[in-house]
Amino acid sequence: MILLCAVWLHSNACQNLFCTQNIHSKTIIQSEQLNADQLFKQFQEVVSQYDKSKPLDVVVIDPGHGGRDKGCSGASSIEKVITLQISKRLKTLIQEQMPEVKVLLTRSVDKFVSLKTRATIANTNEADIFISVHCNYLRNAAKFRGSETFILGTDSDNSASEQLAIRENESIALEDSYLDHYDGFDPLSPESYILFSMIQNLYLDNSIVLAQLVDSEIAQITEVPSHGVKQGAFVVLKETKMPSILVETGYLSNADDEALLTSSDGQSHVVTALLNAIKAYRHSLK
Ligand SMILES: [Zn+2]
C-alpha cells in the first residue's frame, strides 16, 4: 500500500526510506515500506474495545521526567521536581473532591520511569484519561512565556511543537534497548513519527475536549498566559490507549513563569485549573 504523508522531518538519519532530506524540512514522502496491514489490525482491535462515553472512573497523572532524566532547568528550578509537585497536589485534590474517581501517578518519587512504562501504567489500570505534566524551555528567548496543551498529532506547520516533542521524547534514549520496547520506534528516526496519530485518532475527539478544557481553565485561573491547544508527536501520548494530553505548564526559561511554577500559590492555581478541567470533562461525558 502506498502511503502519502506530510511529515516534519527532524533528522537526516533517514536515507533508507526517503530519497533526500534536509534537517527540519517539510517533505512529502511516498513509501511502500510502512506495514499498513499490521497497523490497521492493531487499530481494529482497539476500536472494538473503546466506548467513547464511558464514565470517568480512573485518572492517571504523569509527572514528566524523573531520576536521571531531569527535563529542562530554569535559573533555580528543575522540571522533574515541579512536575512531581504539581502532580502530587493534583492527585490529593482529586481524592478530596472526587473521591469516587481512582487517581494514580506514574511516579510518586524522584525516579526514572520509561515513557513506555508510564503508558503501560495507564493502560493496565484502564485509565479513562491520561494527563502528562511538563514544563517548557526556550533557549535564548527569556521573555517568551505561557502554557500549551498538547494532543497527539503531527503539526507540520509548527516546527516549535515538533522540536518540543523531540526534546520530550529524548528520554527514550536513556532507556536500555529502547528499539525493542517501542515496537521499533526510534526517536531519531523520522519515519517513526509518521505512524503516531493512527491509534490516538480514535481518542482524538475526547482528547481535544479535555485539552480545550485544560487550556481554558489555565487561561482563566492562572497568571500564565495560554498559547492554546496544539498537536505534537509525543511518544508517551502515542502509547496510551485512552484520551491523553500533555500540558506544558509554563516556561522555566522565563523568570515570571518559573517564579509561578515554583511557588505554592502558582502551583495551586495550576492544580485547580487541571482539577476544574477534569470535573468539566467528566460532566461532558454524561
Ligand atoms: Zn518535559
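**View 1. Pro243 sits in the loop between helix H9 (235-239) and strand S8 (244-251)**. Helices here are DSSP runs of H or I with at least four residues, strands are runs of E with at least two, and both are numbered from the N terminus. Welcome to a predicted model, in which local features need pLDDT of at least 70, side-chain atom pairs count only at pLDDT 80 or more, and totals for chains, interfaces and linings use all residues. Residues are numbered from 1 along each chain as its sequence is written. Is Pro243 buried or exposed? Pro243 is buried, because 28 other C-beta atoms lie within 10 Å; the label "buried" asks for 20 or more other C-beta atoms within 10 Å of a residue's own, "exposed" for 12 or fewer, and "partly exposed" covers what is in between, with C-beta atoms placed from the backbone. Leaving aside residues up to four places away in sequence, Pro243 touches Ile129, Tyr203, Asn206, Ser207 and Leu210. Contact means that the C-beta atoms of two residues, placed from the backbone, lie within 7 Å. Pro243 and Ile208 are 35 residues apart in sequence, with their C-alpha atoms 8.3 Å apart in space.

**View 2. Helix H8 covers residues 204-221**. Its 18 residues, at 1.5 Å a residue, should span 26 Å, and the end C-alpha atoms are 25 Å apart, which agrees; the expected span is 1.5 Å times one less than the number of residues. Buried in H8 are Asn206, Ser207, Leu210, Ala211, Leu213, Val214, Asp215, Glu217 and Ile218. What do these buried residues pack against? Their partners are strands S5 (129-136), S6 (147-152), S7 (226-232) and S8 (244-251), together with helix H11 (264-284).

**View 3. H8 and H11 cross at roughly 140 degrees, with axes that come within 8 Å**. That makes H8 oblique to H11. Axes are lines fitted to C-alpha atoms, for helices over the stretch in contact, and angles run from 0 to 180 degrees between N-to-C directions. Angles under 35 degrees count as roughly parallel, over 145 as roughly antiparallel, 65 to 115 as roughly perpendicular, and the rest as oblique. The H8 residues in this contact include Val209, Leu210 and Ile221, and those of H11 include His269, Tyr281 and Ser284. By class, the contact has 12 nonpolar, 4 polar and 1 charged residues. Ala, Val, Leu, Ile, Met, Phe, Trp, Tyr, Cys and Pro count as nonpolar, Asp, Glu, Lys and Arg as charged, and the others, Gly among them, as polar.

**View 4. Helix H2 (residues 79-97) also crosses H11, at roughly 50 degrees**. The axes of H2 and H11 come within 9 Å, and the two helices are therefore oblique to each other. Gln85, Ile86, Arg89, Leu90, Leu93, Ile94 and Gln97 of H2 meet Gln267, Val270, Val271, Leu274, Leu275 and Ile278 of H11. These residues divide into 9 nonpolar, 3 polar and 1 charged.

**View 5. Leu285 lies in the segment after H11**. With 13 other C-beta atoms within 10 Å, Leu285 is partly exposed. Beyond residues up to four places away in sequence, Leu285 touches Ser53, Pro55 and Leu56. Leu285 and Asn206 are 79 residues apart in sequence and 9.2 Å apart in space, C-alpha to C-alpha.

**View 6. Glu126 lies in the loop between helix H3 (115-124) and S5**, **and Asn140 in the loop between S5 and S6**. Phi is near 50 degrees in Glu126, a positive value in a residue other than glycine. Phi of Asn140, likewise positive in a non-glycine residue, is near 55 degrees. Glu126 counts as partly exposed, with 13 C-beta neighbours inside 10 Å, while Asn140, with 6, counts as exposed.
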